[in-house]
Amino acid sequence: MKILYFAWFAEKLGTREEDIDACDISDKRLDSLDKLVAFLCARNEVYRSIFAQKSLVKCAVNKRVVEGDTPISPDDEIAFFPPITGG
Amino acid sequence: MRTAVLHDSAFCAYETLRLFTNSHKHDPYNTGALASFCGIARAQKQQEQQEAKSDILQSLHLDCYPAMALQSLEDIVREARTRWRLDAATIHHRIGEVPVGETIVLVACLSARRNDAFDACRYMTDMVKVRPPLWKREQAVSGACAWLDANADDTRRAAAWQETRQEMQEEMRQEEMQEEMQQETRHIS
């Protein structure tokens with residue numbers, strides 16, 4: 001599962017992209033966005049600070065913006081970003 | 001030809017506009033209007049306090065989710081083409097580091113008449129301000145930099161088009177109903 005971060009999320013984390021492999025997914029059953037966020041937040045304080053304020057976290061699954069918890073699968077591309085500030 | 005383009009280095013708005021117009025000369029009988037908007041990076045900060053004018057911007061940095069941004073810009077063009085009678089429409093957007101004075105965005109459309117061209121151009125420009133996944137960071141001459149928040153005025157403008165659309169749909173529904181009633185009346189008589 002490919003995870004992308006943009007704007008100050010990427011700056012804070014020091015990365016724009018990461019792959020979470022199938023082992024993580026089957027062990028932790030990361031089959032929904034909420035579970036993925038919980039999995040990431042369990043890593044460290046930086047992730048927790050990013051996901052702390054829900055209204056400031058936007059998400060796209062396979063390039064479509066989604067609201068609330070959504071089912072996800074290992075082939076999905078998940079992007080997390082702050083509210084879009086446009087062109 | 002793609003209807004949306006992302007540029008990671010400087011592009012000339014005039015040249016882009018010339019190429020766009022030339023490539024759509026297929027219907028000189030019909031096309032009578034070209035409307036365009038060109039956005040330029042300016043030195044004034046978006047949320048500037050007037051007293052802090054000394055700290056002007058050197059550049060804007062536009063972070064972007066390219067695949068999704070292209071999709072979003074193409075959606076905007078497609079919507080404009082279904083709402084107004086356009087012969088062609090395009091959006092060119094800069095990403096990455098944009099020095100003050102350079103073009104950030106170019107929106108253009110060709111139509112038979114000016115009203116469709118103006119309205120569609122304004123619609124696409126308003127949508128570009130809120131929908132594609134782009135994030136702006138201001139880089140000041142002093143070295144200070146800050147990510148911008150979403151602009152409430154831009155959000156309001158974009159939402160107003162949604163209301164216009166609902167009003168238009170409501171008007172169309174009313175007209176259809178009136179037509180149906182007239183047809184029924186004719187049928188009875």
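**Salt bridges, an interface and a covered strand**

Let's start with a pair in chain A: Glu17(A) forms a salt bridge with Lys2(A), and their closest N and O atoms are 3.7 Å apart. By salt bridge I mean a side-chain nitrogen of Lys or Arg within 4 Å of a carboxyl oxygen of Asp or Glu. The pair links distant parts of the chain, 15 residues apart: Glu17(A) sits in strand β2 (residues 17-19) of chain A, and Lys2(A) in strand β1 (residues 2-5) of chain A. Helices (H or I, at least four residues) and strands (E, at least two) are DSSP runs, numbered from the N terminus.

A word on the model. It is predicted, so local features need pLDDT of at least 70 and side-chain atom pairs count only at pLDDT 80 or more, while totals for chains, interfaces and linings use all residues. Residues are numbered from 1 along each chain as its sequence is written, chains are lettered from A and ligands numbered from 1 in the order in which they are written, and side-chain values use heavy atoms, with hydrogens and water left out.

Back to the pair. Are these two residues buried or exposed? The cut-offs are under 20% relative accessible area for buried, over 50% for exposed, and partly exposed in between (1.4 Å probe, protein chains only). The two also belong to a network of salt bridges that links Lys2(A), Glu17(A), Lys63(A) and Glu77(A). Over all chains, the structure holds 17 salt bridges.

Now the interface. Chain A brings 19 residues to the contact and chain B brings 23; contact means heavy atoms within 4.5 Å. About 1800 Å² is buried between chain A and chain B, and carbon and sulfur atoms give 56% of that. Buried area is the accessible area (1.4 Å probe) that two parts lose on being put together, summed over both. In chain A, Lys63(A), Thr85(A) and Gly87(A) lose the most area to chain B, together 39% of what that side buries.

How many salt bridges cross between chain A and chain B? The rule finds three. In one salt bridge, the side chains of Arg137(B) and Glu11(A) meet at 2.8 Å, N to O. On the chain A side, α1 (7-13), β4 (64-66) and β5 (77-81) each supply at least two of the residues that touch chain B. Arg137(B) counts as buried at 15% relative accessibility. Glu11(A) is partly exposed, at 45%.

Chain B has a salt bridge within one helix. The side chains of Arg78(B) and Asp75(B) meet in it at 2.9 Å, N to O. Both lie in helix α2 (residues 66-83) of chain B, three residues apart, about one turn of the helix. Asp75(B) counts as buried, at 14% relative accessibility.

Last, a strand. Strand β4 (residues 86-94) of chain B is mostly covered, with nine of its nine residues buried. Strand β1 (residues 4-7) of chain B pairs with β4(B) in the parallel sense over four bridges. Pairing requires that DSSP finds at least two bridges between two strands. Ala4(B) has Ile91(B) as its bridge partner in β4(B). With strand β6 (residues 103-111) of chain B, β4(B) pairs in the antiparallel sense over seven bridges. Here Thr90(B) stands opposite Ala108(B) in β6(B).

Leu110(B) also lies in strand β6 of chain B. Leu110(B) is buried, with a relative accessible area of 3%. Beyond four places away in sequence, Leu110(B) touches several residues, including Phe20(B), His24(B), Leu34(B) and Leu86(B).
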